[in-house]
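Please read it beside the sequence and the structure shown here.

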Amino acid sequence: MNRSTIEEAGTVRGQKGEGRLGLIIWLAIFAAAIFAAARIIPAKTHVMDLHDYCDRELQNVVSSGRDFDQERFLQNVLAKAKEVNIPLEKNQLQLTVTSETVTLRMQHEVVVDLAVYKWVWPYDKTFVHRRF
């Protein structure tokens with residue numbers, strides 16, 4: 001079988017440049033995934049920073065065993081949220097103090113702009129610490 005017979009059968013001619021379109025599509029998908037991760041991961045990290053801050057501060061309040069200024073505590077949480085670029089308002093925080101527990105509930109949304117889509121992450125977290 002000579003080269004012209006193979007070309008007529010289409011095996012050589014059909015393979016020429018066949019993988020270029022697939023490569024371009026996969027590179028575009030890969031680039032989009034990297035772009036999305038570069039936007040989503042920092043947003044999640046900021047929320048976890050705020051989560052850790054609230055948990056640590058509530059633990060400090062509970063372990064101190066004394067009364068605390070609830071208004072100042074909420075202002076500190078809002079300041080931390082602003083520091084890590086989370087749009088949190090005072091009406092999205094609920095602080096409940098009883099003789100046995102201190103509870104903080106945060107309800108808000110984190111919006112991640114993905115250029116062609118705005119991903120909204122609803123966040124509802126409750127921190128409960130028992131008093132000693």
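His-51 is buried, with a relative accessible area of 16%, where buried means under 20% relative accessible area, exposed means over 50%, and partly exposed lies in between (1.4 Å probe, protein chains only). The model is a predicted one, in which local features need pLDDT of at least 70 and side-chain atom pairs count only at pLDDT 80 or more, while totals for chains, interfaces and linings use all residues. Residues are numbered from 1 along each chain as its sequence is written, and side-chain values use heavy atoms, with hydrogens and water left out.

**Surroundings of His-51**

- His-51 has its place in helix H2, helices (H or I, at least four residues) and strands (E, at least two) being DSSP runs numbered from the N terminus.
- Not counting residues up to four places away in sequence, His-51 touches Tyr-123, Lys-125 and Phe-127, a contact being heavy atoms within 4.5 Å.

**Aromatic residues**

- A search of the whole structure finds 2 aromatic pairs, for which rings of Phe, Tyr and Trp (its six-membered ring) must have centres within 6.5 Å, with planes under 30 degrees apart counted as stacked, over 60 as edge-to-face and the rest as tilted.
- Trp-119 and Trp-121 form a stacked pair, at 6.3 Å centre to centre and with 5° between the planes.
- The rings of Trp-121 and Tyr-123 have their planes at 70° and their centres 5.7 Å apart, so this pair is edge-to-face.
- Trp-119, Trp-121 and Tyr-123 form one aromatic cluster, in which Trp-121 and Tyr-123 are both buried, whereas Trp-119 is partly exposed, with a relative accessible area of 25%.
- Lys-44 lies over the face of Trp-121, at 4.4 Å from the ring centre.

**Salt bridges**

- The structure holds 4 salt bridges, each defined as a side-chain nitrogen of Lys or Arg within 4 Å of a carboxyl oxygen of Asp or Glu.
- One of them joins the side chains of Glu-71 and Lys-90 (2.1 Å, N to O), and this pair links distant parts of the chain, with Glu-71 in helix H3 (residues 70–83) and Lys-90, 19 residues apart from it, in the loop between H3 and strand S1 (93–97).
- Lys-80 forms a salt bridge with Glu-83, the closest N and O atoms being 3.3 Å apart; because the two are 3 residues apart in helix H3, about one helical turn separates them.
- Within that pair, Lys-80 is buried, with a relative accessible area of 17%, whereas Glu-83 is exposed, at 55%.
- Asp-113, which is partly exposed with a relative accessible area of 34%, forms a salt bridge with Lys-118, the closest N and O atoms being 3.7 Å apart.

**The chain as a whole**

- The chain contains 3 helices and 3 strands, which follow the pattern α-α-α-β-β-β when read along the sequence.
- Buried residues make up 25% of the 132 residues in the chain.
- Among contacts between residues at least 6 apart in sequence, 52% join residues at least 24 apart.

Key
A charge sits over a ring if NZ of Lys or CZ of Arg is within 6 Å of the ring centre and within 35 degrees of the ring normal.
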